[in-house]
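Subject: Structure handover and notes

Hi there,

Here is the structure I promised to pass on. Please have a look at it first, and then read my notes below.

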Amino acid sequence: MKYVLAGSSGFLGKSLARDLLADGHQVVRLVRRAPSQPSEVRWDPAQGQLDPAALDGADVLINLAGANVGRPWTPTYRKTIRESRVSTTSTLATAAAQMERPPVFLTQSGIGGYGKDCGDQILTEETPLGEGFLSDVVRLWEGAADPAREAGCRVATLRTGVVLDHAAPAFQLLALPFRLAVGGRLGSGKQYFPVVSLTDWLRAVRHAAENDQVSGPVNVVLPNPVRNRQFTKDLAAALHRPAFVPIPAIALTTALGEFAWELIGSKRALPTTLQSTGFTFTHPTSPEALASALNH
């Protein structure tokens, strides 16, 4: 199939492009500079500029673009986080709406959309989005795909947990304290901590692209939710390191501000849409996902 990929320079984008090309698919990358090869197409999402003719024949459009949320959320950076997701999704969806044959439209989204701290509540795709900055971002982000929906495209929004792979920036940050022998649970450790292996994230994207039953929100997380204290033990064991140094919630909120709730807030999310449409996980548990991450 022909895939068009926005956000191809990030970790997930590079991984997906490599995976698709290895299986013989065609990948067109959207870039914000002058194209340097035939497989690149220039766009300017900040200005809403993308020529639909350049996407001719595409079967699947995927937006993985978005500024890193793992930085202090100053008022200026909040705008960057929001605009980097909304403008890219909107520009791609508008182009999709003008294509002769409606493509499948996938956009990355965030599991943080359910709210800062959901306790032990089970979160499925039927659960309403919560309150707070990231919930508002997810509403706008997913809503920006409306032009594609209205034009008859099948649209799926991938609400993804932390993707585990040795080369993933978020995983490297999580693992660093353990590698230095100062790792431990985050806050109380009772919070559910949504994660998924890179292998299963890649397979979930392909499943969403190829399975006509998949549309709307899609939770991309382990089918066996894990609490942070158990994840911490599993990570320490996988790295053959101790896990004796818990990090108090107050230290995280002081250092990271509101972003800390992505680490200490509980999200007991389940991948209901994936599993109800026939998807099976290669790494369904935390130890298996961590082993996969470290063995690549």
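Let me start with histidine 240, which lies in the loop between helix 7 and helix 8 (249–256). Helices here are DSSP runs of H or I with at least four residues, strands are runs of E with at least two, and both are numbered from the N terminus. This is a predicted model, in which local features need pLDDT of at least 70 and side-chain atom pairs count only at pLDDT 80 or more, while totals for chains, interfaces and linings use all residues. Residues are numbered from 1 along each chain as its sequence is written, and side-chain values use heavy atoms, with hydrogens and water left out.

**Positive phi values**

Histidine 240 has a positive phi of about 55° although it is not a glycine. Its relative accessibility is 70%, so it counts as exposed (buried is under 20% relative accessible area, exposed is over 50%, and partly exposed is in between, with a 1.4 Å probe and protein chains only). Alanine 181 also has a positive phi, near 65°. That alanine sits in the loop between helix 5 (169–179) and strand 9 (195–197) and is partly exposed, with a relative accessible area of 40%. As background, most residues other than glycine have a negative phi.

**Salt bridges**

Counting a side-chain nitrogen of Lys or Arg within 4 Å of a carboxyl oxygen of Asp or Glu, the total comes to 13 salt bridges. One of them joins arginine 206 and aspartate 19, at 2.8 Å from N to O. This pair links distant parts of the chain, with arginine 206 in helix 6 (residues 198–210) and aspartate 19 in helix 1 (residues 11–22), 187 residues apart. Arginine 206 is buried at 12% relative accessibility, whereas aspartate 19 is partly exposed at 25%. Asp19 and Arg206 also belong to a network of salt bridges together with Asp23 and Glu210.

Glutamate 258 and arginine 78 form another salt bridge, at 2.5 Å from N to O. Here too distant parts of the chain are linked: glutamate 258 is in the loop between helix 8 and helix 9, arginine 78 is in helix 2, and they are 180 residues apart. Glutamate 258 is partly exposed at 23% relative accessibility, and arginine 78 is partly exposed at 25%.

Aspartate 200 is buried, with a relative accessible area of 0%, while arginine 203 is partly exposed at 30%.

**Helix 3 and its cover**

Which residues of helix 3 (residues 133–143) are buried? They are Phe133, Leu134, Ser135, Val137, Val138, Trp141 and Glu142. Their cover includes helix 2 (75–97), strand 5 (104–110) and strand 7 (155–160). Serine 135 counts as buried because its relative accessibility is 1%. Leaving out residues up to four places away in sequence, serine 135 touches Gly112, Gly113, Tyr114, Gly115, Leu129 and Gly130, where contact means heavy atoms within 4.5 Å.

Enjoy exploring the model, and write back with any questions.

Best wishes
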